[in-house]
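Please read them with the structure open.

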Amino acid sequence: MRVPNSVVLPVGTHVDCCREEEVEEKRRDIMARIAAMLAERKSNLAHFIDNLEGSEEPEFYMDQWERLKEMESCTLTILNLVAVNCTDHWDIKKLEATILEHVKNEELFPEVVRVLPPVYRQVEAAIVDIAQSEEMADHGMMDLQYLLSKLSQCEHLANLGRELLQDILRYLHRIGLVVWYEEIKHLESTVFLQPTFLITMFKLLVRYRLVQQLESIS
């Protein structure tokens with residue numbers, strides 16, 4: 001909701017746990033809830049903005065007003081929910097095809113036709129090589145400065161600067177090749193070259209009915 005012109009594809013899982021007629025009923029319910037949530041958000045933002053503008057000394061609230069106006073301008077495009085059975089390989093392929101179809105839609109993503117500078121591809125290929133090398137630890141975590149020094153050892157990347165690398169890492173983070181939490185102070189200097197490691201770790205920590213499982217332990 002804080003990303004300008006963002007596109008959201010809702011995905012409903014566990015279709016195998018529902019009857020066929022329930023799937024469409026739940027799909028409509030979820031989409032209706034999303035629409036209601038967005039309408040409520042828009043109404044709340046307008047209410048807060050009106051309150052600030054109607055205050056006795058609105059100049060004291062200019063920063064808040066600007067942030068609210070910025071949030072108000074962030075539009076969301078909500079695509080139709082895709083219902084999948086995660087135990088069915090073909091359903092996963094169907095979801096993949098749906099995502100690719102949307103991503104290639106120039107109306108949704110006007111920048112999809114933008115050509116990346118060659119250095120982006122060169123850094124991407126070099127990072128893949130580093131991630132797959134025998135010296136890379138299974139967790140795939142690497143210090144940002146150390147990654148820069150490793151990349152700079154490549155002949156065609158000798159002049160790669162930190163600022164350009166950060167721009168490229170933002171792109172690689174968006175496409176899912178790496179994970180870089182630059183907005184988190186304790187993680188801004190760490191790059192995860194193996195995102196699957198994070199998924200495995202989160203699966204151990206975040207579980208369905210985790211609270212009930214813990215409470216069942218005497």
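1. Arg19, Glu21 and Glu22 are joined in a network of salt bridges, a salt bridge being a side-chain nitrogen of Lys or Arg within 4 Å of a carboxyl oxygen of Asp or Glu. Side chains of opposite charge can pair when their charged atoms come close.

2. On provenance: this is a predicted model, where local features need pLDDT of at least 70 and side-chain atom pairs count only at pLDDT 80 or more, while totals for chains, interfaces and linings use all residues. Residues are numbered from 1 along each chain as its sequence is written, and side-chain values use heavy atoms, with hydrogens and water left out.

3. The search of the whole structure finds eleven salt bridges. One of them links Asp29 and Arg33, with the closest N and O atoms 2.9 Å apart. Asp29 and Arg33 are separated by about one helical turn because they lie four residues apart in helix H1 (residues 20-53); helices are DSSP runs (H or I, at least four residues), numbered from the N terminus. Asp29 is partly exposed at 37%, and Arg33 is exposed at 57%.

4. Lys94 and Asp91 also form a salt bridge, at 3.9 Å from N to O. They are three residues apart in helix H3 (residues 89-103), so about one helical turn separates them. Is each buried or partly exposed? Lys94 is partly exposed, with 41% relative accessibility, whereas Asp91 is buried at 16%.

5. Helix H4 (residues 118-132) packs against H6 at about 70°, with the axes 10 Å apart. Axes are lines fitted to C-alpha atoms, for helices over the stretch in contact, and angles run from 0 to 180 degrees between N-to-C directions. H4 and H6 are therefore roughly perpendicular, the term for angles of 65 to 115 degrees. Among the H4 residues making the contact is Glu124, where contact means heavy atoms within 4.5 Å. Glu124 is buried, at 16% relative accessibility. Leaving aside neighbours within four places in sequence, Glu124 touches Tyr171, Leu172, Ile175 and Leu177.

6. Helix H5 (residues 144-152) also meets H6: their axes come within 11 Å and cross at roughly 105°. Gln166 of H6 takes part in this contact. Gln166 is buried at 18%.

Methods. Buried means under 20% relative accessible area, exposed over 50%, partly exposed in between (1.4 Å probe, protein chains only). Helices (H or I, at least four residues) and strands (E, at least two) are DSSP runs, numbered from the N terminus. Angles under 35 degrees count as roughly parallel, over 145 as roughly antiparallel, 65 to 115 as roughly perpendicular and the rest as oblique.
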